[in-house]
Amino acid sequence: MTAVATADRPRLGERLAAAPWPELAAPAALLLLVVVFGAADSTFLTTGNIEAILQASAILVVLAVAQTFVVATAGIDLSVASTMTLGAVVLGQVYSSGAGIGWAILAGVAAATAVGLVNGAIVAKGGITDFIVTLGTLSAASGLALILADGKPQPVLSKFMLDLSASGIGIISWSVLVAAVVAVTAHVVLFRTRLGVHLLAVGGSTDAARSTGVRNVRVKMSVYLISGLLAGLAAVLLVARVGAAEPASNTSFLLNSVAAVVLGGVSLFGGRATIIGPVVGALLLASLVNGLTLLGVSQFYQPLAVGIVVVLAAFLTRFQK
Amino acid sequence: MTTITGSRLPTAKEQDDVLVVDGLRKSFGSVHAVKEASIRLPRGKVTALIGDNGAGKSTLIRCLCGVHKPDGGTVELDGQPVSFHSPTQARDAGIETVHQNLALVDDLTVWQNLFLGREKTRGFGPVQLLDRRGMRSQAKEMVSALAINVPSVTSRVRRLSGGQRQAVSIARAAGWGSKIVIMDEPTAALGVQETARVEDLIRGLRDSGMTILLISHNFDQIMRIADGVWAMRAGKSVGYRNVADTTGQELVGLVTGAIPA
């Protein structure tokens, strides 16, 4: 019997063999879209349009990262978009009551984080199916947003919020930068911290995680808390983009956040996840919508196109094993 | 009532026992899974635990590794009475278990599995990042110390064979300065060659001074690698035999009750 423990880092051949090919589907598709749309319409690759795509994808990137954390533990957060709506409405209400924008942002993020905490407590401690729990909070958070806002949008006219979406460094607006920082931080948390390994372990095998001393309940609670916190951040970006806090349902954000996660090659059964995958997935969805709009395709076709792309991606992951 | 009869087990004075279990009981509702188990594990030996299905082996093991809390009886580890409320406590005290399901996460790498729940981190204050390099090289040492044949500590466990997975799980149990490693049917799912490798691994651990409690249904295997055997029947420990002084037939008799203990 020979001990074959090779070098610390895997060799290139090994890395290629171990490469998660489904996770490369989204970058490949994104490249394809860029080439096709770029050839079909000369304005697609102008800096102005790239700026618009990045800007449009910033909120989705943040929500997709939030969803990734939950999906990595084999859960799902259906309430992520409604939580964002509630956060936005709380932000708007606090701001309109005369508080400074800083306090308003803090209140909005705190409200969204609280929803995440409730989700986590019920799913992890109560042991109730994530699907049902977050479906419940989806409805409850949207309802709460409607009640608080009395069903009306609340304009948020603040220089800070205007700058967040309108100015930045070159073609990178501040909100895009916020999304980028969120993505990089999430990558570090997922792959370079104890929490990251533990949440992949919980997603991969709850039993194995438990018997090796991973605190499952705490890990599950953390991911919903993170999801709520990020939904709160997304709420800030949303208000900055729209210029108002609207109690709208934002269902397409929920669907697209799950779509971006699937496109990114993250396993819905948990245990396998990247951050770059869902981020590229979000960029792909934003480019698709942008390109179709440029080509003059009716808006009504966009959800259809998104749906087809997502199902194709899901089909591709069937060949994962 | 002690049922250690027909015993060729040295008395407590003659022998250095790591673990002494006396009169352990555990019931689930009206089911008396373990009625009276008294066993001793001599230090640095492979001791097997045999018994038919439902004899109470698994429940006894789960009491020892902190999954169940016994209803009565005492457990002494190195002369100190111990009582575990969780598997983590048992592990901290030095009792490691290789479960039948191995408790490995397929999508994590070998080194991540070896360090699962005990990751090394470095950083300052609340900002603690994984010491991946340190863990990888220590994992490499753990693996090569046991001469385990795995492709690389960076490969995912999913890609390993049954024997390799068993070896990784054993390496994890043995690699933490543990006093006792409990193995639940470590070769049940393995082929002939892989079984031989795992048996070599168990012998190697014993030779390095580890105390091993081996649950096995395979009497040939017990004759090959164990030093002593405890038999259980209907929730009771019914006897101990030195492997050198016994035969497969006698063990079968102990388990079935053909030989009154």
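Contact here means heavy atoms within 4.5 Å, and the model to which the exercises apply is a predicted one.

**Exercise 1. The surroundings of Ser79(A)**

Locate Ser79(A) in chain A, decide whether Ser79(A) is buried or exposed, and state which residues beyond its sequence neighbours are in contact with Ser79(A).

*Solution.* 
Step 1: Ser79(A) belongs to the loop that joins α3 (47-72) and α4 (80-96) of chain A.
Step 2: The relative accessible area of Ser79(A) is 0%, and since buried means under 20%, Ser79(A) is buried.
Step 3: With its neighbours within four places in sequence left aside, Ser79(A) is in contact with Asn119(A), Thr134(A), Thr137(A) and Leu138(A).
Step 4: Asn119(A) is also a polar partner, in that its side chain makes a polar contact with the side chain of Ser79(A) at 3.0 Å.

**Exercise 2. The two domains of chain B**

Describe how chain B is divided, and characterise the interface of domain 1 and domain 2 by area, by polar pairs and by the elements on the domain 1 side.

*Solution.* 
Step 1: Domain 1 of chain B is made up of 1-94 + 179-261, whereas domain 2 of chain B covers 105-177, and the C-alpha centres of these two domains lie 28 Å apart.
Step 2: To their contact, domain 1 of chain B contributes 12 residues and domain 2 of chain B contributes 14 residues.
Step 3: The size of an interface is often given as the accessible area lost when the parts come together; for domain 1 and domain 2 of chain B the buried area is about 980 Å², with 67% of it on carbon and sulfur atoms.
Step 4: Between domain 1 and domain 2 of chain B there are zero salt bridges, while three residue pairs, with both residues at pLDDT 80 or more, are in polar contact across this interface.
Step 5: On the side of domain 1 of chain B that touches domain 2 of chain B, β9 (180-184) and α6 (192-207) of chain B each supply at least two residues, and α6(B) gives the most, with five residues.
Step 6: By class, the residues of that side of domain 1 of chain B divide into eight nonpolar, no polar and four charged.

**Exercise 3. The interface of chain A and chain B**

*Solution.* 
Step 1: Two salt bridges are found across the interface of chain A and chain B, one of them between Arg272(A) and Asp107(B), whose closest N and O atoms are 3.4 Å apart.
Step 2: The count of residue pairs in polar contact between chain A and chain B, with both residues at pLDDT 80 or more, is seven.

**Exercise 4. Salt bridges between and within chains**

Among the 19 salt bridges that the structure holds over all chains, examine the pairs Glu119(B) with Arg194(A), Asp17(B) with Arg40(B), and Asp200(B) with Arg203(B).

*Solution.* 
Step 1: In the salt bridge of Glu119(B) with Arg194(A), the closest N and O atoms are 3.6 Å apart; the pair crosses between chains, from the loop between α3 (110-114) and β7 (121-124) of chain B to helix α9 of chain A.
Step 2: Glu119(B) counts as buried at 5% relative accessibility, whereas Arg194(A) counts as partly exposed at 37%.
Step 3: Asp17(B) and Arg40(B) form a salt bridge with their closest N and O atoms 2.8 Å apart; because Asp17(B) lies in strand β1 (residues 17-28) and Arg40(B) in strand β2 (residues 31-42) of chain B, this pair ties together parts that are 23 residues apart in sequence.
Step 4: Asp17(B) counts as buried at 12% relative accessibility, and Arg40(B) counts as buried at 14%.
Step 5: Asp200(B) and Arg203(B) form a salt bridge with closest N and O atoms 3.1 Å apart, and since they are three residues apart in helix α6 of chain B, about one helical turn separates them.
Step 6: Asp200(B) is partly exposed, with a relative accessible area of 43%, and Arg203(B) is partly exposed, with 25%.

How values were computed. Residues numbered from 1 in each chain as written. Chains lettered and ligands numbered in written order. Predicted model: local features only at pLDDT ≥ 70, side-chain atom pairs only at ≥ 80, totals over all residues. Heavy atoms only, no water. Helix = DSSP H or I, 4+ residues; strand = E, 2+ residues; numbered from the N terminus. Buried < 20%, exposed > 50% of the residue type's maximum accessible area, 1.4 Å probe, protein only. Polar contact = N/O pair within 3.5 Å; in protein donor to acceptor, adjacent residues only side chain to side chain. Domains from an automatic or database assignment. Buried area = accessible area lost by both parts, 1.4 Å probe. Salt bridge = Lys/Arg side-chain N within 4 Å of Asp/Glu carboxyl O. Nonpolar A, V, L, I, M, F, W, Y, C, P; charged D, E, K, R; others polar.
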